[in-house]
Amino acid sequence: MGDGFTSKPVVVLGFGAAAISAICALRDSGYDGPLTVVTDADPEPYSPVLTSYYVGGRIPRDQCFPWSDLDVASMIDDMRSNEHIESIDVEAHEVKLANGQCLGYSKLLIATGAQPIAPGFPASHSYKPHVLRTMQDAERLRGALIAWPHVRVLVSGTSMVGLKALEACLDREADATLLGRSGHIMRATAHPLVAERFEQLLVDRGVTLRLSQTVVDVEESADCPECSVCFDDGDVEQFDEIILAQGVKPNLSFVAPGSIEMHKGVVVDDFMRTSAPDVFAAGDVAEALDVSSGQKRIIGLWHNAVRQGRCAGSAIAAECAGRKPTRPYAGSIPSNVIHVRDILFASAGSLSEQEGRCFDVREENGMMCVFVYEKQTGTDQLVGFNILAVVPQDGKHDVLVDEIGAYRREIFNSYV
Amino acid sequence: MTKKTLCFDAQKCVGCYACAVACMDQNDIDVVGDGLMYRHVSHVEEENADEVRIVHVSIACLHCEAAECLDACPSGALRRDIASGAVIVRRELCIGCHACAMACPFGIPRFGRDGTMQKCDACYARTRFGYEPACAEICPTGALSYADVNEAAGSKLSRFGKTLA
């Protein structure tokens with residue numbers, strides 16, 4: 001162990017993008033003390049983003065493990081995979097595992113990610129709907145979609161995960177129905193006009209839409225595998241499989257109420273430090289700075305998880321060496337980019353109607369764009385955008401699509 | 001071993017496109033077909049009090065030290081080449097998700113017919129054998145050069161100092 005390090009290890013809870021980014025940053029920053037990782041998953045880390053591509057047959061299973069050539073294992077002294085975390089004691093600096101073991105820590109990083117939830121979806125006596133997060137979820141869904149041709153699938157949820165699950169169904173030539181509680185898809189990020197066009201493009205590609213609807217009952221037939229799904233408008237339809245993509249919640253059941261400041265996630269400062277001493281958080285569990293609102297909130301994106309993990313790792317390394325951390329997390333803005341087959345949708349910033357804002361709606365070259373400006377003295381400031389495009393056969397986008405990163409940066413810079 | 005980097009001096013650029021053509025040649029890019037250019041030349045009007053002049057800018061991937069595209073890529077398709085410092089694309093791993101495009105503030109990532117991302121790799125196949133990147137080698141005015149990182153930074157500081165003086 002190097003000079004200046006305490007004898008207890010740094011413990012990382014979780015083994016996804018935020019955790020691995022933190023581990024790499026810890027070692028890159030010179031921390032050569034003991035490092036323990038606890039995860040309820042297998043020891044080989046996968047990318048949840050890739051699971052829908054695997055389910056749809058776009059990539060082989062091996063490709064779901066993007067860190068396979070990074071040799072993360074060599075950076076870890078004690079790897080505890082397939083272990084459940086019971087609780088953490090922030091006073092005693094201990095993690096208690098479900099198997100009864102206690103792990104002391106010098107610094108703790110909570111990077112346990114999130115899990116799917118399905119609020120209000122009726123439980124069936126015997127049928128377990130699909131979700132799409134882990135490799136096990138992906139294996140099960142993939143098996144169901146390739147079981148026979150034209151599997152009838154109900155996808156409940158119209159945001160990012162729902163649409164990627166829908167794409168996987170289309171890739172497998174399933175008969176897909178998309179169910180949404182709201183009147184439009186991508187409610188949180190798409191302007192209604194853009195959402196409407198997006199919906200039409202989905203219908204053109206064979207998707208059945210059931211918007212502004214909910215499921216009131218699911219019954220599995222006794223003699224065949226299909227489910228009878230009752231909708232709130234009285235319709236009853238048969239489906240072979242149901243996929244729930246209605247949202248996620250952070251995996252924080254092991255954090256005792258009151259022990260760390262929490263809302264939906266764990267509140268962190270600019271160096272990913274929580275309110276508890278020596279406890280850090282990053283990724284889908286962390287409420288970090290959203291510069292567009294000035295509020296702390298979870299923005300569950302891969303990009304954010306990586307940057308937050310790196311920030312936490314270098315801050316932990318600095319504190320372990322007795323220095324003050326110097327690389328703060330710069331914050332983020334809500335942003336999204338999603339493909340559903342040949343449809344591309346990109347969004348960043350705020351699309352909400354507020355006083356002093358003007359909307360520039362454009363339709364050109366088969367694209368639909370909405371740019372939102374806030375009226376300011378001298379010049380109008382871009383605060384949000386939607387771009388919806390159908391990717392042409394030659395792959396060459398309109399220049400507006402190539403510029404999505406520049407627009408996102410312009411919005412981000414206007415707040416910092 | 002000294003670390004080298006691609007440098008661009010806008011004051012020397014005449015917008016001749018030799019760099020873009022050399023890039024296409026090096027990378028076998030057929031822009032008449034479905035190839036995508038990795039290097040672009042832009043002409044920007046700069047208006048001062050009593051004159052308007054054209055500034056030419058040759059731009060490709062900047063291989064940023066804190067490359068946002070690297071952080072955003074969920075598939076491991078983007079990696080830093082340790083020897084050259086270049087950000088390279090392993091197209092066989094790219095899923096075409098456009099996360100890199102959303103992250104890059106310079107509009108560099110482009111997507112080809114197969115849906116995968118393509119961009120400049122700083123000619124790391126040349127530089128690892130001691131050759132300059134094709135664009136720097138061909139540049140007739142020295143606007144693009146492949147120079148020692150510290151020398152390049154020193155030269156920039158010196159020019160900045162002269163401007164201040």
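I began with the interface: 28 residues of chain A are in contact with 24 residues of chain B. By contact I mean that the C-beta atoms of two residues, placed from the backbone, lie within 7 Å.

A note on the model: it is predicted, so local features need pLDDT of at least 70 and side-chain atom pairs count only at pLDDT 80 or more, while totals for chains, interfaces and linings use all residues. Residues are numbered from 1 along each chain as its sequence is written, and chains are lettered from A and ligands numbered from 1 in the order in which they are written.

Back to the side of chain A that touches chain B: α6 (302-320), β21 (335-340), β22 (343-349) and α8 (404-415) of chain A each give two or more residues. Helices (H or I, at least four residues) and strands (E, at least two) are DSSP runs, numbered from the N terminus. The largest share, five residues, comes from α8(A).

Next I checked a sheet in chain A. Four strands form an open sheet in the order β11-β10-β9-β15, with parallel pairing; strands pair if DSSP finds at least two bridges between them. At the edges I found β11 (208-211) and β15 (241-244) of chain A, each pairing on one side only. Between β9 (152-156) and β10 (175-180) of chain A I noted five bridges. One partner pair I wrote down is A:S156 with A:L179 in β10(A).

Last, chain B: it is divided into domain 1 (1-60 + 124-165) and domain 2 (64-119), with bounds from an automatic or database domain assignment. Their centres, taken over C-alpha atoms, are 21 Å apart. Domain 1 of chain B gives eight residues to the contact and domain 2 of chain B gives eleven.
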